[in-house]
Amino acid sequence: MTVKFMLLVSRQGKIRLTKWFTSDWTVKEKAKTVKDVSQTVLSRKTKMCNVLEYKDFKVVYRRYASLFFIAGTDLDDNELLTLEIIHRYVEVLDKWFLNVCELDIIFNYQQAYMIIDELLIGGELQESSKRSVINTLKRMEEVS
Amino acid sequence: MDKLLPRLGAYRLKDLIKAIRGCKTAADERAVIAKESAYLRTSFKEENVDIRHQNVAKLLYIHMLGYSAHFGQIECLKLVASPRFADKRLGYLGIMLLLDENQEVLTLVTNSLKNDMNSQPFIVGLALCTLGNISSAEMARDLSGEVERLLASSNTYIRKKAALCALRVVRKVPDLLENFVSRAKSLLNERNHGVLLTGVTLLTEMCKMSNEVLVDLRTHSVATLVRHLKNLVTAGFSPEHDVNGITDPFVQVKILRLMRILGKGDAEASEAMNDVLAQVATNTEASKNVGNAILYEAVLTIMDIESESSLRVLAINILGRFLSNRDNNIRYVALTTLTKTSQNTTTDASALQRHRATILECLRDSDISIRRRALDLSFFLINAQNIRILTRELLSFLEVCEGDVKNSVAIRICDFAGRYRPNKRWEVDTVCRVLRVAGAFVDQTVVNHFIKLVTTSPPELQQYAVRKLYNTVKNEGEKALTQEGLLQVTVWCVGEFGDVLVSGTSGLLGGDEEEIAQTGGLADTHNQYQTAPTEQDVLDMIADMLKGPYATELVKEYTMTTLVKLTSRFTQDSTLSQIRGLLTKYKVNVQLELQQRSVEFEQLLSLDRESRTALLERMPVLESAAKEEAKKGMGVPTTETAPVAAGQQQNLVADLGGDLLGLSVGGGAAPAKAQNDDLYNLVFGGGAPAAKAAAPASNNILDLLGDIGLGGPAPATKAMPPSGQSFYAPSAGNQNDLLGDLFGGGAPAMSPQAPPLSTQPSAAAIDPLGDLFGSGGFGGGSAAPAAAAKSYVAYEKNGFRVTLSAKRDGNAIDVTADMKNNGMSPLSDVAVQVAVPRSLQITMHPQSSNMIAPGASASQRMRIENPTKVAVRLRLKVVYNIGGQQQIEDIVEFSQFDQSLWS
């Protein structure tokens, strides 16, 4: 499995979005993971590498402005490609909201989820074309 | 109206978010949310269709902040049933957020999903997405038919989603895999990148799950994959899929990953991939992260499949470039990959050595991720030539690293110091230094290691060690006293070797070579650590230590025993009463153990000197210690049975030739007979006619032990193999065991043991060293099993593998369980328990170790009596703890033993 979960955490440690692709974790486990992972990530210095090992998975993260995008992946996954997946998500958010900022994600969290759902299913990337994702999203808006 | 609503607790989503953001304290926030939750609960009861969407949106926001929202699950289901797309979308989002597969509500979702999978494309997409993210096994079974149908849809948007749903379905219910195989294979011919990407992902998983699919794809689809990859690599700029000048890195990586599985262990498939892999490795632009992601994946594939050697060199060079990259992520990846490939031992060892400096530099990085990876890799770098340099680096790492890794690092340093030591004194020095910098963190393993080491040493070295320890504690004061492990070994050694500690003026051996080198050869280093104290000094030191705050319970217990031993080691009359004084103090101690020792030892003191001396003689050498000792310096693990890379052995042999001219020599296991002969000649110098026993080329045991005393004529009791005689024992085993521990110097007295040559019965290994230095025999040597034992993998999970090898012995079976840690984290509390049916009887021997470092292994022997000759079935309970964080307990049945073991 590629991505086990995605977290968006602000620099102050506020959770902006959590997306789980493993459905067999209990609510408690999830809460603990979110807390531990976001704290460790926030405490790291900017020059350090973007990969952490946490329990039996890896945490790959990248900071964009005031937001940390954090992905939990399997140990044997390609960390560098996970960074690209995170980047792809940010790019689509940016195109969708036209210069996305943290507030966009807070107030339109449903759309942030909708974009993840068009990129990843079960933690695997489903579409490698940015344009195709944006077009789908636009047509979906027309339908609803 | 807008102003009225908030007062009633009815915010719109936007207002709710604003209200929450406006809260100054956490208590305010909780109040707002409590109010809103209460409103939502009542509102849900009213069944108002118009505001349901709004309410669920607010509820999900509250959920995201970490508050309870389970009461809205049913509302989400109701939304899903709505005909409006926006309602459905929010409903499914709610289901994905609020439900997990353990909840019963999930069964209610199945029906909605089934209906929606027969609707218009976007709604089908929503249903597929939900199924792909949260499906339980039951749901997967119910909806598998729909997914299968949608996988053949003409719409690419649906096809790609269905492919990932199929992935979830087969993961949850592996039995359903067959239904999807042919459809999944057809996805490989897709032009649409989304569908191709998901298709390759699905097939990769299927190959991991089913050997049938793997073989099928290997024969039919390699060419297609190669073509796809080639097209991507050579394609010009394609705006749709371009990422920083690279065409669709996501698909490229997925294809490379699938190729890795297909090419592994298959020469033909690997051959077909060589060209395109070379193309990827050379043509991919490495200036950006995305290019490196592809290169990284390509390197892994090249190293895993049966690729050409030139390609492997290319891959290693790419890793080398990664390692010197300034981007920390790339360096991290390089370190991880090098560790992984070193474990497979197929890598060219010298290529890794080239990057030694960089790897060691990473040990000092400020980033813990990098440090940890570099640490693991550093241990793979160690060989007989660089053991000194690397140990120095690792010791300085040990000094600064975090407390929780200190113990495992210390254990590994000691282990490798034993494996590759250039001479025994160096090992003593190294373990001393480990205890000096990390004595407070090490567990009993390191302490035991040192004690075993000292007891098997020649007397000069014992004197050297005890003096060194004593003076370290004495001179370094508090710094040494806080290191509990150091205190334990010091106190033990002082008790055991108290007589040699105080006798004589200066030590027979010089000072610590490493320290002399570090201090620029100052002569007083030697004196400082090798001066002989008086008996009074020793007792004063012990008394001070007992008084101080640093002596723990355990150290005090050790000290009591030491004191009583010293009564037979020390000769001055005054010491006896002093020792009695120190001991009797504890007669009233609250600690039962101390009190007991005090009382008992006092009784010992009242005996006359002869009987006391007899009681307090030196500890005999432990059998296990002697066995480990015999294997040391050979580059093989002493306590384990893991195979060593052939490359390392050859290095050792080369090293042996060079070092022999000097003073010291480490042993080396020669891989071939020709080299055995060379070695043999080297050990005994030129001119000595080699009486070579006719030994079968591949099955000889060479068990050579030379242990010649340093300086001055050796005592007559010392025995060594007579020069010019060889100890070849022809036997069916193929273990070469050669140990030389030469402290060169004057010609020693020869007292040949005269073992019969070439008449050794097969299967019996000879032990040419009966009782060297009177310090207890070197046990057994290396006994070769009469028949090669068959081995079976009984358990393999989380990188932990248990292999059983069984050998018949009459009506009994000797089973050895080898436990190997192939994972990244150390395993602790490892235990393998075995149960047998009533008709069998099992005897378990103690396990070699319950801690297994990454890449290391441990073993457990057992004997199964099978008087009624029934089929042997075992039930294994495997318990271990990964990295101190995850406790695993598994039970596996095992009945694959070969019939010949009993019938």
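**View 1. Polar contacts across the interface of chain A and chain B.** In this predicted model, the interface of chain A and chain B holds 27 residue pairs in polar contact, with both residues of each pair at pLDDT 80 or more. On the side of chain A that touches chain B, the largest share comes from helix 5 (residues 130-143) of chain A, which supplies eight residues. Sorted by type, the residues of that side of chain A comprise 23 nonpolar, 13 polar and 25 charged ones. Taken as a whole, the interface brings 61 residues of chain A into contact with 70 residues of chain B, and the two chains bury about 5,700 Å² between them, with 54% of this area on carbon and sulfur atoms.

**View 2. Salt bridges between the two chains.** Side chains of opposite charge can pair when their charged atoms come close. Across the interface of chain A and chain B there are nine salt bridges, while the count over all chains comes to 59. In the salt bridge between Arg373(B) and Glu53(A), the distance from N to O is 2.5 Å. Because Arg373(B) belongs to helix 22 (residues 368-381) of chain B, whereas Glu53(A) belongs to strand 3 (residues 51-54) of chain A, this pair joins two chains. Another salt bridge is formed by Asp77(A) with Arg257(B), and here the closest N and O atoms are 3.3 Å apart.

**View 3. The open sheet of five strands in chain A.** Strands of a sheet pair through backbone hydrogen bonds, either parallel or antiparallel. In chain A, five strands make up an open sheet in the order 2-1-5-4-3, and their pairing is antiparallel. Strand 2 (15-20) and strand 3 of chain A are the edge strands, each of them pairing on one side only. From one strand to the next, the twist of this sheet averages 20°. Within the sheet, strand 1 (residues 3-10) and strand 5 (residues 67-73) of chain A run antiparallel and are joined by seven bridges. To follow this pairing at the level of residues, look for Leu8(A), whose bridge partner in strand 5 of chain A is Phe69(A).

**View 4. The open sheet of three strands in chain B.** Chain B contains an open sheet in which three strands follow one another in the order 9-12-13, with antiparallel pairing. Strand 9 (827-835) and strand 13 (886-894) of chain B stand at the edges and have a single partner strand each, so one side of each is left without a neighbour in the sheet. The twist in this sheet averages 10° from one strand to the next. Seven bridges connect strand 9 of chain B with strand 12 (residues 874-882) of chain B, and the two strands pair in the antiparallel sense.

Definitions and conventions
Residues are numbered from 1 along each chain as its sequence is written. Chains are lettered from A and ligands numbered from 1 in the order in which they are written. Side-chain values use heavy atoms; hydrogens and water are left out. Contact means heavy atoms within 4.5 Å. Buried area is the accessible area (1.4 Å probe) that two parts lose on being put together, summed over both. A salt bridge is a side-chain nitrogen of Lys or Arg within 4 Å of a carboxyl oxygen of Asp or Glu. A polar contact is a pair of N or O atoms within 3.5 Å; within protein, one must be able to donate a hydrogen and the other to accept it, and residues adjacent in sequence count only if both atoms are side-chain atoms. Helices (H or I, at least four residues) and strands (E, at least two) are DSSP runs, numbered from the N terminus. Ala, Val, Leu, Ile, Met, Phe, Trp, Tyr, Cys and Pro count as nonpolar, Asp, Glu, Lys and Arg as charged, and the others, Gly among them, as polar. Two strands pair if DSSP finds at least two bridges between them. Axes are lines fitted to C-alpha atoms, for helices over the stretch in contact, and angles run from 0 to 180 degrees between N-to-C directions.
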